[in-house]
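Q: Hey, I'm new to this one. Can you walk me through it once it's up on the screen?

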Amino acid sequence: MLKSILSAVAFLVSSLAFSQANVDTLVQRLVKHQAKFPLEKVYLHLDRPNYAPGDTVWFKAYLVEGDSHKPDSVSKNLYVDFIKKESGRVVEHQMLKNEGSYTSGAISLTDTLQEGVYEMIAYTRWMRNFGEANFFRKDVFIRKKYEIKNQLTDEEINARQEVADLQFFPEGGNLVAGLQNRVAFKAVNKFGLGADFKAFVISSNKDTVASVQTQHLGMGTFVFKPKSDEKYFAVVGKGTSSHQFALPDPVPSGYTLFIDNLSNKDLIKVIARNNFPEKDRPIVIGHLRGNAVIAFQSKTEGNSFTWAFPKSEIKENGIIQLTLFNGKGVPQCERLIYHKAEAPMTISISSDKTEYDPREKVKLSLHVQDAGGNPLQGNFSLAVTDTRQAAPDINGTNIYNYFYLTSDIQSLGTGELKGYIEQPDYYFTSSNLNAVVHLDMLLLTQGWRKFLWKDVANQNTPAPQFEIERGIEISGKALQPNGKVPTKPTSISLLYSPAPGASEYVNTKTDSNGKFVFSLTDAPGKTKVFLQGLKDKGGRNLTLSLDEIPKPSFRATRISIDPFFLSSQQWSQFLEQQKHYAEMDAKLKESKAKLLKEVVVTAKREEPVIDSRKSIYYGTNATTVTIENTMCVGVFNVLQMLQGRVAGLQVSLGPDGNYTAAIRGSAPTIIVDGIPLDLSFINAISPCSVEAIDVITHPVVALGAKSVISILTKRGNSNYDYSKNAAPGTLVAIIEGYNTPRAFYTVRYPLAVNTTAQLPDFRATLYWNPSIKTDAQGNANVTFWNSDEHTIVQAQLEGITKGGKPGSATYNYTVK
């Protein structure tokens, strides 16, 4: 990275005059900061945006490097939280194993889940160093029945048009008195959506200084020259219904910044002015996702400057953060601009037919290529949904606009506006002729900043609080009963089950502070671990404890926006869609009525409840010894309670003072609460904590064992506090393991099917595949079956190429 950044800087400064010492100092600080704090990004592709209680949320995660978007992030653990937005309550928390930058999962919604707005949040532990602004967040709407009213009330119409909040953003950061300033603004209604308006800007002396009008989603710009001794307000509305919104107070001196990234396709034009009494030689540094792409200092001193920087040497798409420094290297102004270096890749989706019958097999062909027509290999996910049941997400978030726009605004922006971007895909749709102009307005408002170089300039930045996770790490301390560290390193052994029926035994030693760390490659779900510490002479008089890393807590977010409230553009498109649906309704009702008449409900035999701890040997003949309170009193080892109670089992006291067991002359396999363990770990179990013991005197094929002793503890409940009553030098705990991915069930219908003889099929998600890979020719193919619904079906493909290029595409077909 250092080599690439410095080479880019060398080219740019070779064609422009500069002060080498100041420019190099700033670039080196940027390089050091990026090396110390490399960024990660994560994106979740969900099968649809709205669900009903009892549904399943299917998702795929894409974890990439923040600067290049290449899919080779080193973090192995990805966390996904499903929260209730209004309360911040975590409904479900999962840890997923990141393998090659991709992982997938599912969240099962309970039938009793309340309706409302929820949120999917994804992050790594490393990302927590930079705050929640860097987490992926997506609203998820839960409603028992998906419906949108076809007519707005007068109150709703007025709510759309009323300006609830209006903010002003001087370009560069400050409103400087005595200089021409370009000021952007953003108005929103009570739903948090852009609101259109016209207004006048007046001074505290009642002089009208500007007339303003929104141009897109409540945004616009105007230019005026403020005075140092006056305040300014925008008056929206007329008479008693008018409201005043204040502009920022002018500062007496400073820099103004004007950047033109639109009028010339080859150059970025930067104009800077100041009203300082002394002359200056300012510096301009621009970086794109942490990589320096512009580095320049004015050759001459002055108070007014104009520069032009070539776009051709900036090879990546994305947001450029331009910072203006004074000659001493102190940041003065900042501005974000969007740079388009290359066209996005082309993703084409085609089907073998344009219209299908219900339950008919569908074949989709996928092809991915770059702007030059060259095929691309990549990793993709595909969701196929019934648009009657999936909410419209017109111009919504996808992997392309998230990685190139939303994620960078979230990490770079400041203020309340930075997080939510209304209709982000509008800015990347070629049919929107004014999209680039409106994108520049977006970055003048939601990308507005004074400056955020303080972390880069501070050479004493503390070390990250959270380290990169390369697996499941278990850390803790081993101390003597008096709380002091043992004088010599202590041996710590850990036993756990990486998979059902398997066990793994690892060892380590404590450091000079009594700390120990284990790195596990795999562990499923909630995994029970057994730890034991031994001093250098075999003593066990130790207290073991595990470190606890608190999970992030999410603040409650007041929901002001109706989850099914559509913008004017979305509303018109939705009504067009409804016209198409109206033509199908008569046939649909007839079809449903016919199918429902044929439904026959039969009783199902209830299956017996199986203790999961016995699942590995369920069905075999076992002798069960139930432990009564009187049996455990006065004994020191669990095996003592089996003496004389099971035919063929011999329990004896060994010369080392520990008990051993033998069944027909061979040592049995020991299982504790379903986990195979070493015999020595029985010494850590209190006899009175045992509920029952199963003894199997014949071979168990699933375990490869000649015989088995299965100890079932009272603490087999996963919520039990295992720190209670533990033997000295031992610890039993539950750790967080990886959530086991579920497979999406794909319905398959025979070639000839009598639909009246089948149960009704009205799936909202017809097909979900999180693991689609295009071949060397850029192709992939999928097949699936339609439901009974007469509808428009939408297929959405999202993914990223090996070179780090994200892409998204949708395709519709009709089921008649």
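Q: Which residue lies over the face of Tyr-118?
A: Lys-84 does, at 5.3 Å from the ring centre. A charge counts as sitting over a ring if NZ of Lys or CZ of Arg is within 6 Å of the ring centre and within 35 degrees of the ring normal. Keep in mind that this is a predicted model, where local features need pLDDT of at least 70, side-chain atom pairs count only at pLDDT 80 or more, and totals for chains, interfaces and linings use all residues. Residues are numbered from 1 along each chain as its sequence is written, and side-chain values use heavy atoms, with hydrogens and water left out.

Q: OK, and what lies over the face of Tyr-102?
A: Lys-60, with 4.9 Å to the ring centre.

Q: Switching to rings with rings: how many aromatic pairs are there?
A: Searching the whole structure gives 30 aromatic pairs. Rings of Phe, Tyr and Trp (its six-membered ring) pair if their centres lie within 6.5 Å; planes under 30 degrees apart count as stacked, over 60 as edge-to-face and the rest as tilted. One of the pairs is Phe-296 with Trp-307, which is edge-to-face at 5.6 Å centre to centre and 75° between the planes.

Q: Where do Phe-296 and Trp-307 sit in the chain?
A: Phe-296 is in strand S19 (residues 291-297) and Trp-307 in strand S20 (residues 304-310), 11 residues apart. Helices (H or I, at least four residues) and strands (E, at least two) are DSSP runs, numbered from the N terminus.

Q: Is Phe-296 buried or exposed?
A: Buried, at a relative accessible area of 6%. Trp-307 is buried too, at 9%. The cut-offs are under 20% relative accessible area for buried, over 50% for exposed and partly exposed in between (1.4 Å probe, protein chains only).

Q: Why does the pair of Tyr-356 and Tyr-813 count as edge-to-face?
A: Their planes are at 65°, with the ring centres 4.9 Å apart, so the pair is edge-to-face. Tyr-356 lies in strand S24 (residues 355-356) and Tyr-813 in strand S44 (residues 806-815), so the pair ties together parts that are 457 residues apart in sequence. Both Tyr-356 and Tyr-813 are buried.

Q: Which residues form an aromatic cluster?
A: One cluster is made up of Phe-168, Phe-185, Phe-197, Phe-222, Phe-224 and Tyr-232.

Q: Let's do sheets. What's the order of the open sheet with S9 in it?
A: S9-S10-S13, three strands with antiparallel pairing. Strands pair if DSSP finds at least two bridges between them. Strand S9 (165-170) and strand S13 (219-224) are at the edges with a single partner strand each, so one side of each has no neighbour in the sheet. From one strand to the next, the twist averages 25°.

Q: How many bridges are there between S10 and S13?
A: Six, joining strand S10 (residues 181-188) to S13 in the antiparallel sense. Across that pairing, Ala-184 stands opposite Thr-221 in S13.

Q: Which helix lies across those strands?
A: H5 lies across S9, S10 and S13, and runs at about 75° to S13. For such angles, axes are lines fitted to C-alpha atoms, for helices over the stretch in contact (heavy atoms within 4.5 Å), and angles run from 0 to 180 degrees between N-to-C directions.

Q: How many residues of H5 are buried?
A: Nine of the 11 in helix H5 (residues 435-445), so to speak a mostly covered helix. Among them are His-438, Asp-440 and Met-441.

Q: Last one: how many helices and strands in the chain?
A: Eight helices and 44 strands. Of the 816 residues, 50% are buried.
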